Amino acid sequence: MLTRQVSLSALIFIFFYLIQESVVTQFHLPAGGFSIFLIFTLVWAVLSTPVIGALSGFAAGFLMDLSQSSSGPFGQWILIMILACYAISLLNYGNEKLRGNFIEIVFFIVVGVLATELCFLITGALLGVATGSIDQIILTLIGISIWTLVITPLSMPVFARLHGFVFNTRMHI
Amino acid sequence: MRDGGDNRSRLVVIILIVSALLFITLDLRGIAVIGGIRHGAQSVTSSFQRAGSFVVTPFKNFFTDVTQLGRTRNQLEQLRFENSTLKNRLINRESADSELLQLKSILNLAGTAGYKIISAKVISQGSSQSFSQTITIDAGSNSGIKRNQTVISDAGIAGVVKEVYSDSALVLLASDPAFRIGVRIAGSQQIGILSGQGNRRAILQLLDNQTDVAIGDVLLARGSAANRPFVPGVPVGLVTSVDNSPGAIAQSAGVTFYANFSALSVVAVVVGAPATDPRDSLVPQKPEPTPIPTVTIYVTPTPSVTK
């Protein structure tokens, strides 16, 4: 059972990582665009237990650090994603009222993406990674948030079905 | 803390965080294993990016049209009456023409200066989630590309080769906040350091506070030792604003890059520099102002009717 869950999860994570790296990055979307992989990981964490959330964050962060466009040292995304996924999963875990609420989950994901990017900026600054001018950073953060707000409701049912398929749960969102 | 906050889950999280910190430490210490993992992953990903680039191109053109709807409205209205086959063919043809035009301009630029170049197609644009500005090109070490070589576009400098893989290479764009280049002002030959700002604008810090810099001054790459990472003479940008603060230690100026980083589809990597510095031979010609026709109207009085 565990082997099935791990292998299926790994395949799904790699699939969305490749979608992000080979398809989404092809488009010159205004205001920075979005990261389907980041959205997917946070949705996955919202629907999981804190331990699985943290493990998912580790796996996602590992893949994000492998990305050629990752500017920081290897491990920076891993650290951020572990904390983000664990936090978002812990806040949501056991809260049945929230689990079925589509709009609140979307809100959670948008705030999660924004917080993740801010954490990346802060840790990047601590580790000496150049991040650009303030106006460009603000523009990118606003752009990513708006894109996430648009993309999350469209993609979340698919992510929830995949999560339900892997963990044999039925999530009504 | 509910069920998730038990000791076991905390232990797992602590182990994962320690692992992440270990990775960061190893990477900052320059352990080769981490670089090897990234190289391996990029070699795998680049083949998917090629396939993605091929599949996505028609949709990409569609999105480009949508984002430039105001400018292409007339063209879209004309295309509406054409059938889908012709439409696709036209879009693909436009894409190829645009690439050809860019390539011609690059060859002109390289030919004038005597650069030996390898042209390459942009197969992926780096995600902005990491606040970095990069592109991936479809030529790598198999084509003779090495790290720290200058990358030029049709208009001027595009960036520098950051990583090289067998069939692809990662280019750090000049717009990246980490990008720094030594430049000189064409004509006066004053030197300074230009740094990217995350968009098409950049900041020029002049080394001499007594230097006179003016709006419209052209900046050229100063060149590096052994021509790596920068070959001399490549047009970089145009001064668009000057900061003349009296208390400033060094004079600074706002610069707009010649290259349009959001529209790069073909670039060239300079693999061989000319024997002599091309000096100011690559300074782009200023556009000639279009003469505005003057219309002169002669008013002739209507003969009044006299009774």
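## Contacts along chain A

In this predicted model, contacts in chain A can be sorted by how far apart the two partners stand in the sequence: among contacts between residues at least 6 apart, 69% join residues at least 24 apart. Burial can be read for the chain as well, and of the 173 residues in chain A, buried residues make up 54%.

Which elements make up chain A, helices or strands? The chain holds seven helices and zero strands, and reading along the sequence of chain A gives the pattern α-α-α-α-α-α-α.

## A barrel in chain B that begins with β1

Turning to chain B, one closed barrel of six strands runs in the order β1-β2-β5-β4-β3-β12, and the pairing in this barrel is antiparallel. Neighbouring strands of this sheet are turned against each other by 45° on average, when direction is ignored.

Strand β3, residues 150–152 of chain B, pairs with strand β4, residues 157–164 of chain B, in the antiparallel sense and over three bridges. Within this pair, B:Val151 has B:Gly159 of β4 standing opposite.

## A barrel in chain B that begins with β6

Chain B also contains a closed barrel of six strands with the order β6-β7-β8-β11-β10-β9, and here too the pairing is antiparallel.

How many bridges join strand β7 to strand β8 in chain B? There are five bridges between β7, which covers residues 191–196, and β8, which covers residues 201–206, and the two strands run antiparallel. Across this pair, B:Ser195 stands opposite B:Ile203, a residue of β8.

## B:Leu206 in strand β8

Strand β8 of chain B is also the place of B:Leu206. Is B:Leu206 buried or exposed? B:Leu206 counts as buried because 21 C-beta neighbours lie inside 10 Å, and the cut-off that this step relies on is 20 or more such atoms.

Sequence separation and distance in space can be set side by side for this residue: B:Leu206 and B:Ile191 are 15 residues apart in sequence, and their C-alpha atoms are 6.2 Å apart in space. When neighbours within four places in sequence are left aside, B:Leu206 is in contact with B:Gln190, B:Gly192, B:Thr211, B:Val213, B:Ala250 and B:Gln251.

Definitions and conventions: Residues are numbered from 1 along each chain as its sequence is written. Chains are lettered from A and ligands numbered from 1 in the order in which they are written. This is a predicted model: local features need pLDDT of at least 70, side-chain atom pairs count only at pLDDT 80 or more; totals for chains, interfaces and linings use all residues. Two strands pair if DSSP finds at least two bridges between them. Helices (H or I, at least four residues) and strands (E, at least two) are DSSP runs, numbered from the N terminus. Axes are lines fitted to C-alpha atoms, for helices over the stretch in contact, and angles run from 0 to 180 degrees between N-to-C directions. A residue is buried if 20 or more other C-beta atoms lie within 10 Å of its own, exposed if 12 or fewer, and partly exposed in between; C-beta atoms are placed from the backbone. Two residues are in contact if their C-beta atoms, placed from the backbone, lie within 7 Å.
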